[in-house]
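Please keep the sequence and the structure in view while reading.

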Amino acid sequence: MELKQLEYFMTLSQELHFTRAAEKLGITQPSLSQQIRLLEHEIGMPLFDRVGKKTMLTEAGRALLHHGYNVFHELSQARAVISELQGLKRGTLKIGALLTVVNYLLPPTVMGFHNSYPNVELSVLGLRTGDIYNGLLQNELDLGIVLLPMEHEDLETIPLYKENLALAVAVDHPIAQAAFVTLDILKETPSVLLPNTYFLRQVINEQCRSLAFTPQPVLEMTTMESIITMVGKGVGVTILPKGYLDYIDNPHICTIPLKNPVLTTQIGVVYRKNKHLCAASRVFMEQLISTVKSRNF
């Protein structure tokens, strides 16, 4: 079995579409089909079921996919160890971070790391919690910055700080000058929230259920920027991390504390337990923790 064939198989397993997988790999669809046939011939079993236009993994394919992740994981570990021997003079570091913290938490750490180690290729991706979770388990990310808890037997977490959620309203909203509000505001006032698939929305939903109601937003949007725009235009109120609301300092909205209950989230770093924590990852985490302490989160 050639490593290139395994790479082709892994990509096709993710896409489950020969044309899309070939485009992602930068090869022709017939070439991909030929390599998969050769791999299946060597293994002696079909790896994919082709039913009409649908492509699905067989049981043998699922088994190979599981071990394929381990193969590429070990290769990435070897690269990381070798890179570390060169004293952070080269290498890569891929970080997945919640969109709410990319702007106001990470810039000092990113700039400090880049200035100290300019030859390390640093990628910081603003992602949803589920995408970070999958990226870590599939060895596509080295570190994640997420809302805790994030639980899996292969993942290790380090708490960074706790953060309150707050209500954001337009400056001319009737409650804009309130000293504080309770979560019942979502029952009484039109709101603009993240979709239910987002972890932050799930935190809000859980607290609302404890008060015997379910939030019914007039609008759901997938980015904080778009939500803030709608709030500023008076479409509805929203609930977002106070740190993010303070950071954007939007003149069209004001921030009101939430009480009874106070909604709090825990931000933390997550990484794979069995993944070699290279020098780049360790240094970045140390600098991130230093940033958190200096800002008194």
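Helix H6 (residues 106-116) has Leu-106, Thr-109 and Phe-113 as its buried residues, where buried means under 20% relative accessible area, exposed over 50%, and partly exposed in between, with a 1.4 Å probe and protein chains only. Viewed down the axis of H6, these residues fall within an arc of 70°, so they line one face of the helix; the arc is that of the directions from the helix axis to the C-beta atoms. The model is predicted: local features need pLDDT of at least 70, side-chain atom pairs count only at pLDDT 80 or more, and totals for chains, interfaces and linings use all residues. Residues are numbered from 1 along each chain as its sequence is written, and side-chain values use heavy atoms, with hydrogens and water left out.

**Overall build**

- The chain has 12 helices and 11 strands; helices (H or I, at least four residues) and strands (E, at least two) are DSSP runs, numbered from the N terminus.
- The C-alpha atoms fill a box of roughly 70 × 50 × 30 Å, taken along the principal axes.
- Of the 297 residues, 44% count as buried.
- Among contacts with a separation of 6 or more, 74% come from residues 24 or more positions apart, a contact being heavy atoms within 4.5 Å.

**Packing and cores**

- The buried residues of H6 pack against strand E3 (92-98), helix H5 (99-102), strand E4 (121-127), strand E5 (143-148) and helix H12 (279-294).
- In soluble globular proteins, nonpolar side chains tend to be buried together.
- The largest nonpolar core has 67 residues, of which Val-101, Leu-105, Ile-145 and Leu-186 touch the most other members; such a core is a set of buried Ala, Val, Leu, Ile, Met, Phe, Trp, Tyr and Cys residues joined through side-chain atoms within 4.5 Å.
- Strand E6 (residues 155-170) gives the most to this core, with eight residues.
- A second, separate core of 18 residues includes Met-10, Ala-21, Phe-48 and Tyr-69.
- Beyond its neighbours within four places in sequence, Leu-186 is in contact with residues including Ile-204, Phe-213 and Val-237.

**Pro-46 and Thr-58**

- Pro-46 is placed in the loop between helix H3 (29-43) and strand E1 (48-51), and is partly exposed, with a relative accessible area of 47%.
- Leaving aside neighbours within four places in sequence, Pro-46 is in contact with Glu-40, Thr-58 and Ala-60.
- Thr-58 is found in the loop between strand E2 (54-57) and helix H4 (59-85), and is buried, with a relative accessible area of 10%.
- With neighbours within four places again set aside, Thr-58 is in contact with Pro-46, Leu-47, Phe-48 and Asp-49.

**Backbone features**

- Most residues other than glycine have a negative phi, and most peptide bonds are trans.
- A cis peptide bond joins Leu-148 and Pro-149, with omega about 5°; Pro-149 belongs to the loop between E5 and E6.
- Another cis peptide bond joins Asn-260 and Pro-261, with omega about 10°; Pro-261 sits in the loop between strand E10 (253-257) and strand E11 (264-272).
- Asn-139 has a positive phi, near 60°, and lies in the loop between helix H7 (129-137) and E5, where Asn-139 is buried, with a relative accessible area of 18%.
- Ala-212 also has a positive phi, about 70°; its place is the loop between helix H9 (199-210) and strand E8 (219-220), and Ala-212 is exposed, with a relative accessible area of 71%.
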